[in-house]
Amino acid sequence: MRLASLTVSGGAWVSERAAARILAGCGVARRQAREALGDGLAGAPMSTSAATLYRRDRVEELAARPALTYEEARAACPLGMFVGRRRVSVLCAWEDQVSAVSPGWDLGVWTAAFLNRDLREAARPAVFTVAGFIALGADLVHVRARGNRHDLVLEKPGPWFGSVCARRLDAGRGKAWRRELWR
């Protein structure tokens, strides 16, 4: 018998498999659901000897996150944004999250040069997604070359992040990063 749901003090809990089924309702594949759950986007799990459990209400809130539209993104970030796909645990401190997403980007020399040119004018918003869910926001202030890779220099996000956090960014398949320009 598999444990699918359990009610304890604090609300109903569901197994990882049941949580993945809830997330499948909003188009998240099982592998991606496991990544989002594992990175804490539905809160900290409760581990038992038989299963890893997640609060049902937190999983349902994650599944209900609305998609960020082009118009909303452009209004919040008129100069564009850097979008990175990289696993990051939201259960740890912001500084630790930044340390996890900053190093080792394969941007290419020209992209890094153009980004740094733009960053001389002003920092640019950067969001990092896990399974299409915005997990972290920061202001990108510089791109630093390290061998054939690049490290992102990030600072706390500006007020723009309040408009895009707790949203989904349907980026589709593709490389680990993209630069969105609205101009």
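The crossing of helices α1 and α3 is right-handed, meaning the near helix is turned clockwise from the far one by less than a right angle. This is a predicted model: local features need pLDDT of at least 70, side-chain atom pairs count only at pLDDT 80 or more, and totals for chains, interfaces and linings use all residues. Residues are numbered from 1 along each chain as its sequence is written, and side-chain values use heavy atoms, without hydrogens or water.

**The α1–α3 pair**

- Helix α1 covers residues 16-24 and helix α3 residues 56-63; helices are DSSP runs of H or I with at least four residues.
- Their axes come within 9 Å and cross at roughly 25°.
- α1 and α3 are therefore roughly parallel to each other (angles under 35 degrees).
- From α1, Ala-19, Ile-22 and Leu-23 meet Arg-56, Val-59, Glu-60, Leu-62 and Ala-63 of α3 (contact means heavy atoms within 4.5 Å).
- By class, this contact has six nonpolar, no polar and two charged residues.

**The largest cavity**

- The whole structure holds two cavities of 30 Å³ or more (a cavity is a set of points on a 1 Å grid where a 1.4 Å probe fits but cannot get out).
- The largest cavity has about 60 Å³ of space.
- Twelve residues line the largest cavity (an atom within 4 Å of a point).
- Closest to its centre are Met-81, Phe-82, Leu-115, Arg-124 and Arg-179.
- Two or more lining residues come from each of β5 (81-85), α6 (109-121), β6 (124-130) and β9 (177-180); strands are E runs of at least two residues.
- The lining has seven nonpolar, one polar and four charged residues.

Definitions and conventions: On a 1 Å grid over the protein atoms alone, a cavity is a set of points where a 1.4 Å probe fits but cannot get out, and a pocket is an open set with protein on both sides within 12 Å along at least five of seven lines; lining residues have an atom within 4 Å of a point. Grid points are joined across faces, edges and corners, and a volume is the space filled by probe spheres set on the points. Ala, Val, Leu, Ile, Met, Phe, Trp, Tyr, Cys and Pro count as nonpolar, Asp, Glu, Lys and Arg as charged, and the others, Gly among them, as polar. Axes are lines fitted to C-alpha atoms, for helices over the stretch in contact, and angles run from 0 to 180 degrees between N-to-C directions. Angles under 35 degrees count as roughly parallel, over 145 as roughly antiparallel, 65 to 115 as roughly perpendicular and the rest as oblique.
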